[in-house]
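The sequence and structure come first.

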Amino acid sequence: MIDPRTRCDRTPAWPLLKAHYDEEGRGFRLHEAFAADRDRFSRFSLKAPLVFADLSKNLLDGRTRGLLTQLARESGLEAYRDAMFAGEPINNTENRAVMHWLLRSPGPGEEGWQEPANRFIADSLADVHETLDAMLAIAEGVRANEAITDIVNIGIGGSDLGPAMAVKALEDFEHPAKRLHFISNVDGMELGNVLRKVKPESTLFLIASKTFTTAETMLNAHAARKWFLAHGGSPERGAKLSLSRHFIALTTNLKAASEFGIDTTLGFWDWVGGRYSMWSAIGLPIAIAIGAENFRSMLRGAHAMDEHFRRAPLEENLPVQLGLLDVWYRNFHGFTSRSIAPYSHGLRRLPAYLQQLEMESNGKGVDAKGDVLPYATSPVIWGEPGTNGQHAFFQMIHQGPDTVPVEFIALREGGNDLPEHHPRLLANALAQAQALMVGRPGSSGHSYFPGNRPSTFMVLDRLDPESFGALIALYEHRVFASGAIWGIDSFDQWGVELGKVLARELEPLLASGDGEQLDPSTAGLLRYLQEPAARGA
């Protein structure tokens, strides 16, 4: 594929933005902007499917927004987006299409179905719906099986973070008799803690690895298999307590899964990146937790956001405008991080999920051609549920020397429990955003709050499968937008590989103790770790 993009620093808009920042952006004051424009809230708010966003407390004016949108056009964002939706191999370093959006596209006869753009997409969509129907049938079978009480998902990265986050977010919709456990850490304490609490006859294991060779996942999978067999399980396929009945593989490597003892498998495609895979067979634990209809509702919400991103003008396109805001803050203001503050217990794992989604996608120092970039890309993403953060890191956000943009996420309607708590939760969210903006005028010393700290405030009507799907798709497309403008490949992750290679080389050295060929620091640590642990030192 010929990349249709122009790198952002080579566009006419880039120097205009630099001049605008030097002349006006650097000294921008939110209180002055609101005083000068009583309609600022409405002019800087955007509505996308199932998500409302107030951008008025950000450090930008109409001129900034206009130049940033010009930057998006001149960078070729629209053509690059259209290439993704046409199934072009925009993941250029791996020569792969990027079609996680197809996983939530309606099939023929379903509401919202559209004629596929080409034969490749048509064939892929048919495969998607065949796999989706099979996955949801398995999920409903597990939900109906009263003998199964515990489902243990063994994966890592995108095979863990997305499903684990989604299951927690949609707890109000969970099957009351099914407990979901997620294992990703190779620290034996995580898996061991779960295995102590479950019984083989009532446990279903899901092994999530596209290749069935992921080192961390397979280490835990073989440990689970060994435990299962040691506690009465059988490798014989006809046995009542057999591996084939209690293990399912989410993989394309059918041969390796069969050799492991697994008969039931669900696959996916090389155009689904791990961090974009919760909509695929990797979402089986979500479907088991919330059921087939709720899973389809989650897909509908994501598809609605896909269509918004695909068709809304750039000026009204929420993922695009959020991505542009990231470029404005990272490359002109020099802000190095962004904090996620969901005022929702259900979204407590969203910051961890977004860390992978954004930093693994856009944490790149070279462009799509491999040339070193002269500017920064992904900010550091971090956060916690809002009221917890208020009693922890919000001190630094309010009064620390660094400006950290904050993303508030709130719900108009709370969950099913203790609804009288919800007004207080909303009051806290609104107060924090207000305090960041206005500070404490006239104060000094320890009570000085500088204010003028930017934030975005997003609102969902409620946290249900449909709105949740829309929210996650919004973040996916936001990452696409900023990555497209930075000129990088947001869909590879070569930086993950070096540590894996070195770990394979170091593991046998922990047994042999031979660190002669290592650097002095690693060799010293190797020797120290081999010494008996000192007690009471």
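Patches are made of residues with over 30% relative accessible area and no salt bridge, with like charges joined within 9 Å and nonpolar side chains (Val, Leu, Ile, Met, Phe, Trp, Tyr) within 5 Å. Accessible areas come from the Shrake-Rupley method with a 1.4 Å probe, and for residues only the protein chains shown count as cover. Leu510, Leu525, Tyr528 and Leu529 make a nonpolar surface patch of about 470 Å². Helix α21 (residues 520–530) gives the largest share of the nonpolar patch, three residues. Helices (H or I, at least four residues) and strands (E, at least two) are DSSP runs, numbered from the N terminus.

The model is predicted: local features need pLDDT of at least 70 and side-chain atom pairs pLDDT 80 or more, while totals for chains, interfaces and linings use all residues. Residues are numbered from 1 along each chain as its sequence is written, and side-chain values use heavy atoms, without hydrogens or water.

**Domains and core**

The chain is divided into domain 1 (51–86 + 312–438 + 456–488), domain 2 (100–290) and domain 3 (497–530); the bounds come from an automatic or database domain assignment. The centres of domain 2 and domain 3, taken over C-alpha atoms, are 34 Å apart.

A nonpolar core is a set of buried Ala, Val, Leu, Ile, Met, Phe, Trp, Tyr and Cys residues joined through side-chain atoms within 4.5 Å. Buried means under 20% relative accessible area, exposed over 50%, and partly exposed in between (1.4 Å probe, protein chains only). The largest nonpolar core has 122 residues, of which Met278, Leu284, Phe295, Leu350 and Phe468 touch the most other members. Helix α19 (residues 465–486) supplies its largest share, 13 residues. Domain 1 and domain 2 both give residues to this core, so it lies between them.

**Salt bridges**

A salt bridge is a side-chain nitrogen of Lys or Arg within 4 Å of a carboxyl oxygen of Asp or Glu. The whole structure holds 31 salt bridges, including those below.

| Pair | N to O distance |
|---|---|
| Asp37 – Arg43 | 2.6 Å |
| Asp82 – Arg81 | 3.3 Å |
| Arg104 – Glu476 | 2.8 Å |

Arginine 104, in the loop between α5 (77–85) and α6 (119–144), and glutamate 476, in helix α19, are 372 residues apart. Both are buried. Aspartate 37 counts as buried at 16% relative accessibility, whereas arginine 43 counts as partly exposed at 41%.
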